[in-house]
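Me: Can we go through this structure together, starting with how a pair of helices pack?

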Amino acid sequence: MRNEEQLEKYFIEQLVKLGWKYIPGNKLPRTGTDEPLIISDLLNVIRKFNKNKNITEDDVQHTLNELKLVSRDENGAKRLLEYFKFGVPIKYGQDKVVKYTAIFNYDNPDENVFIISNQVYNKGARSISNDIILYINGIPLVNIELKNPTNPAESWESAYNQIKDYEKLVPELYKYIQIGVAAEASARYFPIVPWEENPKTYLWRGSDDGENTRVKGGEPDEIESIIQMLNPKTLLQIVSDFLFVRSERGQTSKVLGRYMQFEAVNAIYNRVKDNYSGKTKKNKGLIWHWQGSGKTLEIIFAANKLFYFDELSTPSIYIILDRDDLQNQLSNDYNILDIKKPHIIGSIRKLKENIAANNYQGKRGIFIVLIHKFNPEQFFQLADEVNKQQGETIRDRKNIICLIDEGHRSQAGIYATQMKEIFRDAFYFAFTGTPIVRKAINTYSEFCYPPEEPYLHKYFINQSIKDGYTKRILYEPRQDDLHLDKGKLEEFLEASEEEIPEEFRDDVKEEVRTKLNNINAFLEMKSRIKKIAKDISEHFNQNVEGRYKALIVAGSRLACVRYKRAIDKLLPKEYSEVIISFDRNKDRSGIRKEIYDYVKEVEERNHGKDYERIRKETIINYKEENLPKILIVTDMLLTGFDAPILQTMYLDKPLKQQRLLQAIARTNRPYKEKEAGLIIDYIGIFKRIEKAFEFYEHEEIFKSVINKDKLGADFIERINKLGRIFEEVKRDYNKETLTETIKIITSDKSIEIEFVNLYKELRRIFELLGSHKVKLDNLNEYKWLTAVYSYYIKVVLKDENFEKYVKQFYKKTIDLIHQETEIEKIFRLPLQNSIDEEFVKRISEEAASKDYKASNFVFALNKFVLVDQHKNPIYESLIDRVEKLVNEWRERNLRKEDSTKEFEDANQILNEINEIKKEKAELNLSDEEMSAWLVIKNRLGIKGNDKEMINQIKDLYDELESIRIPGWSKNVELKKTVEMKLRKFLFEKVNSKYKLKLEEINSIHKSIGEQLIDYEGRK
């Protein structure tokens, strides 16, 4: 396994192979460490890419100034990204017109200048040293920070946090950088958003060519994958087509594409491109991406990329939907992005006007339209008029793209037939988030080329879960005696009609309406709702409250109101809100009056606000605020609703097939420690799960939707794997045993990663299992493993946030800990983050084995020197010794040998650290002054403290302070002056007193000089 230095070298070597030119940080032709741009490269490409625009030197300088003067805030980020994509708008001196000055060449990527550099110093509020920066045309676009894969106290999260710290220290640099990469044994990428505390991180698993390929024999290595993502051409595509500013309700962030979106969009783009070039006659494709994988953004990315494809000559792109709520969601997602906005075609009349425009060639642009607008009865006359036209009409145009959402359910009827009659030569790409139905509509033949191409791109359920973009869905039938009776449930499952939203039931045939009303009468029974509401409140308080949120799916709008009344008697009223449709005229009479009265109460409670406005505000508050915690719905929010904090759905409405799958998938978004979305089934539908999903490929569904027995099997699997790691260890709680577990865990990084991941999964599953028998059967082993993990956190990681985090998300584990004195003692061990004499004394005096003492000393040193203080010049001389000590500790653990030597070495280093800290405080020296004194003292073997020499060092650094301005080490004259003053000091002050040989002077001069440069600006 590589250490940090080797990992850095590997990144550079591999990226150079992909086309990056390597220049060390101290050789970059920058004007200073306070200038993030490589000005010379940037000016050269501006001249080169814009020479056909009659650009003058004044125009070039004006472009540079625009880039440099962009503000560091959200508005600046938006403007800068526009410059990167479209060029900098400049009023050229000669022509007196605004032209866009290109700074990247997307059409011919090889024309750009790609530079990779390492150990790049940048000056801001404090100087920092970036591990790796990728520059395109002199602009820093990517920051890669690396951590030591062999260091047990570090991970990719450490590198992520370092970049977030750097953003605050050098904001001018991170104004330009768009993508951060944090890597150790694992790797993640994320958008640079300095004002956002925790932007999302992503895993890249794709290939570098945009094709749907995978490394043979399994998943590609995370480091190898992220390197492929940083291929110059891929990176340019990401900046151009998959990176956007996102602004919603006053909050600005960035959207950065995921690898499956990148692959699918490029597959669509390449199909259109290859068709236009004559490489293929294929003009359609099916994209199957599991619910929650980012399908809506995928459609937006595809539409945007195709709209700017020159060969299409301003195309017409129609995004076809089949539901109003999907149209609203897509429109909202478009509006919050800094991207070309679509036009919504809101009526059949507007659609006809769109088609008839430009002499029946149709309007150009991006349009959102519902499939139902293509009503054949409304298009007879228009079709005749189109046929009468001479020359090209919309029927003949090839540059029409139809992007169809939920293609499997909307493309079999007369509306779709009419659409295809109008857009005869168009490209058709269908997207679906649910598995393809085996019967009924033949989606494969409609949009694909079976058997050789069943999908243009597919992103499997299990892959989405593995990547962490979605979670599994766990179902648990409860209150069996209250389930819908077998006859009615069977009747519902056998019915050929889809479930009909309540507002449309008056329009269906009498037979269907009668069946639905019979079911609703059962679901609306107050006595039944009262019993279920009691169960919901108890489950919510024990399992959901304080961590996640919930959704109650009731059988009708009336049932929603009755659930609200029942829940309010058991939970605080502000915890829950009803989200339903409301018709002020129709809902005044009969049984609907109960709905009307409730809505009036809500409006009065909200000072007369309209219910629709209240409903929208409630949904926003559910996503972003503490209250409400439970939404009660029947039809609304079952599709297109994305709230990661939603973990539990209380289902009391019969649903099946795609509607059931779409509804329960509301719970599958990742959120903090969520192991799975949970469906509590009060209707009994999951007892007939195969029947409910009978038209789907079962193996795909069952990878995502599981019951508690399957979860119990997962629990046993993980507990057995963890047990094998500690196969020869006694299951007790004394320090010697726990020290033995630490030796095993830290002996090999792969074992450590496996242990941490398995325990975290085990703990999340434990919280979900409730009273399942498997918990009782394995309780003692789980308790002991919890003690081991707690001890690992305390001794190795020294994580200050651990207790707070566990208390928030793991109530059942905490309850278990407090029942067990041994575990609670370990859990409450004080964290020792300071290395001082008290720490050494306490550990040394504890009646424990040398292994125990050695492990405490080794990991305390590891955290202090290699993590917390690794940039402090005082401890530079100790870094190699501590790294060697940690490695020896690992090797000795592997060989199961005595650790006396490591204990003694660690004790010696700890004593040295404390002596250095004490001496520095007594002498009142800065870090750099103390470092210089240690070099002189150790090289010359000076005993005690030479007060005169120490004062002379202080004078030297006071003198150098005025010279060491930002960028001094890159300025030949200033660097020469610093070196001269340092040499003069060594000859006149040090040599005159200690009579040094020339090679000794040169050696000391080199060491202190390198420190001055390496820690430039660090005080």
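**Helix contacts and cores**

Reply: Leu779, Tyr782, Lys783 and Thr786 of helix 31 are in contact (heavy atoms within 4.5 Å) with Thr813, Leu816 and Ile817 of helix 33. This is a predicted model, in which local features need pLDDT of at least 70, side-chain atom pairs count only at pLDDT 80 or more, and totals for chains, interfaces and linings use all residues. Residues are numbered from 1 along each chain as its sequence is written, and side-chain values use heavy atoms, with hydrogens and water left out.

Me: And at what angle do the axes of helix 31 and helix 33 cross?

Reply: The axes of helix 31 (residues 779-797) and helix 33 (residues 811-819) cross at roughly 90° and come within 11 Å, so helix 31 is roughly perpendicular to helix 33 (65 to 115 degrees).

Me: Switching to the largest nonpolar core, which residues touch the most other members?

Reply: Phe726 and Phe755 do, out of 122 residues; such a core is a set of buried (under 20% relative accessible area, 1.4 Å probe, protein chains only) Ala, Val, Leu, Ile, Met, Phe, Trp, Tyr and Cys residues joined through side-chain atoms within 4.5 Å. Helix 31 gives the most to this core, with 11 residues.

Me: What about helix 12, which residues are buried there?

Reply: In helix 12 the buried residues are Leu351, Asn354, Ile355, Ala357 and Tyr360, and their cover includes strand 12 (316-321), strand 14 (365-370) and helix 15 (414-422).

Me: What follows helix 12?

Reply: Glycine 362 follows helix 12, with a positive phi near 90°.

Key: Buried < 20%, exposed > 50% of the residue type's maximum accessible area, 1.4 Å probe, protein only. Helix = DSSP H or I, 4+ residues; strand = E, 2+ residues; numbered from the N terminus. Axes fitted to C-alpha atoms, helices over the stretch in contact; angles between N-to-C directions. Parallel < 35°, antiparallel > 145°, perpendicular 65-115°, else oblique.
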